[in-house]
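Please look at the sequence and the model below before reading on. The questions that follow go through the structure step by step.

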Amino acid sequence: MGFRHVVAFNAVTGTFLPTQASAQEEPSQPIPSQRFKLGQSDGCFRYIGDAVEFIGRFKAGSYVGVSMITVGRDGLPTPAADEDRSPAMDLPEWKSASPYFWFGPAPSSRDYSITFSPRAAWGSSAIVTICGRQSPPES
């Protein structure tokens with residue numbers, strides 16, 4: 001390859017590198033979030049959509065159960081064994097045989113945030129159920 005070809009190749013490659021690097025960076029868009037309030041009849045909140053952060057108030061001593069099922073491109077729920085995302089919350093995880101991920105007890109009455117990881121799955125629709133209770137879930 002001649003000198004002119006190397007310079008031309010470097011010039012062309014250089015123009016594409018910033019685009020490729022920026023495509024790999026985290027999106028600068030706001031995180032899709034959803035405020036929620038637990039239902040009075042069963043203490044749960046149900047949601048279908050693409051939010052990845054859920055913000056709601058829990059009382060001190062509460063235990064929080066979270067279930068998430070990704071909706072595939074075919075519109076069908078992902079089988080539980082194939083679910084890639086799991087909930088994360090700023091409370092300790094509570095081990096339980098339940099299909100929910102349990103967290104708690106909440107140390108104070110305030111708003112808490114629930115998110116899901118890995119972030120690579122953001123933008124996918126999901127069926128989310130969040131429940132609260134004042135007694136520990138069965139282990």
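**Pocket, fold and salt bridges**

Q: Which strands each supply at least two residues of the lining of the largest pocket?
A: The model is a predicted one, in which local features need pLDDT of at least 70 and side-chain atom pairs count only at pLDDT 80 or more, while totals for chains, interfaces and linings use all residues. Residues are numbered from 1 along each chain as its sequence is written, and side-chain values use heavy atoms, without hydrogens or water. Among strands (DSSP runs of E, at least two residues, numbered from the N terminus), those that each give at least two residues to the lining are strand 3 (53-58) and strand 9 (126-133).

Q: How much space lies in the largest pocket?
A: A pocket is an open set of points on a 1 Å grid where a 1.4 Å probe fits, with protein on both sides within 12 Å along at least five of seven lines; lining residues have an atom within 4 Å of a point. Here the lining consists of Leu 38, Arg 57, Phe 58, Lys 59, Ser 62, Gly 132, Arg 133 and Gln 134. The space in this pocket is about 200 Å³.

Q: In what order do the elements of the protein run from the N terminus on?
A: The protein has 1 helix (H or I, at least four residues) and 9 strands. Starting at the N terminus, the order is α-β-β-β-β-β-β-β-β-β.

Q: What share of the contacts with a separation of 6 or more comes from residues 24 or more positions apart?
A: Of the 139 residues in the protein, 30% are buried (under 20% relative accessible area with a 1.4 Å probe; exposed is over 50%, partly exposed in between). Among contacts (heavy atoms within 4.5 Å) with a separation of 6 or more, residues 24 or more positions apart account for 70%.

Q: Which residues does Phe 101 touch, not counting residues up to four places away in sequence?
A: Phe 101 belongs to strand 7 (residues 101-103) and is partly exposed, at a relative accessible area of 33%. Its C-alpha atom is separated by 8.9 Å from that of Ala 88, 13 residues apart along the chain. Leaving out residues up to four places away in sequence, Phe 101 touches Val 64, Gly 65, Val 66, Ser 86, Pro 87 and Glu 93.

Q: How far apart in sequence are the parts that Asp 111 and Arg 35 tie together?
A: A salt bridge (Lys or Arg side-chain nitrogen within 4 Å of an Asp or Glu carboxyl oxygen) joins the side chains of Asp 111 and Arg 35, at 2.9 Å from N to O. Asp 111 lies in strand 8 (residues 110-117) and Arg 35 in strand 1 (residues 33-35), so the parts they tie together are apart in sequence by 76 residues.

Q: With which residue does Arg 46 form a salt bridge?
A: Arg 46 is exposed, with a relative accessible area of 52%. The closest N and O atoms are 2.9 Å apart, and the partner is Asp 42.

Q: Which residues do salt bridges that share partners join into one network?
A: The structure holds 5 salt bridges. One of them links Lys 95 with Glu 93, the closest N and O atoms being 3.5 Å apart; Lys 95 is exposed at 61% and Glu 93 partly exposed at 46%. The network built from shared partners joins Arg 35, Arg 57 and Asp 111.

Key. Grid points are joined across faces, edges and corners, and a volume is the space filled by probe spheres set on the points.
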